[in-house]
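Please read the sequence and the structure shown here together.

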Amino acid sequence: MVSREYNRDSSLREKFQLLRSITNSNAESETSIIMDASKYIKKLKQKVEKINNETTSEQYDTTDPMVRVETLEKGFMIKVMSGKNEAGLLVCVLEAFEYLGLEVVEARVSCMDSFSLHAIGSSHNDDGESMDAEAVKQAVVVAVRTWSDSHDPKG
């Protein structure tokens with residue numbers, strides 16, 4: 001019969017190995033694994049804080065849409081923000097993605113009072129050419145400007 005203490009120790013070892021793998025730790029001792037996990041948690045907190053700060057700073061009161069594009073390992077993170085939301089802006093941006101040959105892998109959109117789109121786009125060019133972030137940004141900016149100009153009450 002297996003003792004309770006053995007089962008508890010075995011379970012604890014499994015949990016340390018799980019913690020070690022989640023935090024990408026190479027440590028062997030339990031103390032070092034915990035220290036690595038603590039560092040990992042701090043890094044995650046910093047990432048969350050950075051994302052929250054970006055989101056807060058992006059909530060500005062302007063009518064000119066802002067476009068940011070970051071290169072990811074397999075595609076791009078595209079952010080489009082505007083202080084006001086008007087019908088058709090989302091469609092315009094998605095049409096620009098289609099024109100570029102970007103497949104939307106993941107997207108988060110808010111169209112309540114303001115407009116905010118955070119999308120991950122993946123490029124599937126059959127000709128082997130790769131797109132750069134600046135080309136994606138320029139295409140989205142042109143599409144948004146064209147949309148803005150066509151919806152300008154002054155024009």
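Arg 8 is exposed because its relative accessible area is 52%, where exposed stands for over 50%, buried for under 20% and partly exposed for values in between (1.4 Å probe, protein chains only). The model is predicted, and local features need pLDDT of at least 70 and side-chain atom pairs pLDDT 80 or more, while totals for chains, interfaces and linings use all residues. Residues are numbered from 1 along each chain as its sequence is written, and side-chain values use heavy atoms, with hydrogens and water left out.

Arg 8 takes part in a salt bridge with Asp 9, and their closest N and O atoms are 3.7 Å apart. The term salt bridge denotes a side-chain nitrogen of Lys or Arg within 4 Å of a carboxyl oxygen of Asp or Glu. Asp 9, at 28% relative accessibility, is therefore classed as partly exposed. Side chains of opposite charge can pair when their charged atoms come close. Is Lys 79 buried or exposed? With a relative accessible area of 6%, Lys 79 is buried, whereas Glu 70, at 36%, is partly exposed.

The overall layout of the chain comes next. There are 4 helices and 4 strands; in this description helices (H or I, at least four residues) and strands (E, at least two) are DSSP runs, numbered from the N terminus. Read from the N terminus, the elements follow the order α-α-β-β-α-β-β-α. Of the 155 residues in the chain, 26% are buried.

The loop between helix H1 (4-22) and H2 contains Asn 24. The phi angle of Asn 24 is near 55°, which is a positive value in a residue other than glycine. Asn 24 counts as exposed because its relative accessibility is 63%.

The strands can be followed through their pairings, where two strands pair if DSSP finds at least two bridges between them. Strand E1 (residues 66-72) pairs with E2 in the antiparallel sense over 7 bridges, and a hairpin with 2 residues connects E1 to E2. Within this pairing, Thr 71 is opposite Phe 76 in E2. E2 is also joined to strand E4 (residues 115-123) by 7 bridges, and these two strands run antiparallel. Lys 79 is opposite His 118 in E4, and the bridge partner of Ser 82 in E4 is Phe 115. E4 in turn pairs with strand E3 (residues 102-110) in the antiparallel sense, over 8 bridges. In the hairpin of E3 and E4, 4 residues lie between the strands. Ala 107 stands opposite Ala 119 in E4, and Glu 106 stands opposite Ile 120 in E4.

How are these strands covered? Strand E2 (residues 75-82) is mostly covered, with 7 of its 8 residues buried. E4 is likewise mostly covered, with 7 of its 9 residues buried. Val 69, found in strand E1, has a relative accessible area of 16% and is therefore buried. The C-alpha atom of Val 69 is separated by 7.1 Å from that of Val 136, although the two residues are 67 residues apart along the chain.

Lys 42 lies in helix H2 (residues 30-58), and its relative accessibility of 54% is why Lys 42 counts as exposed.
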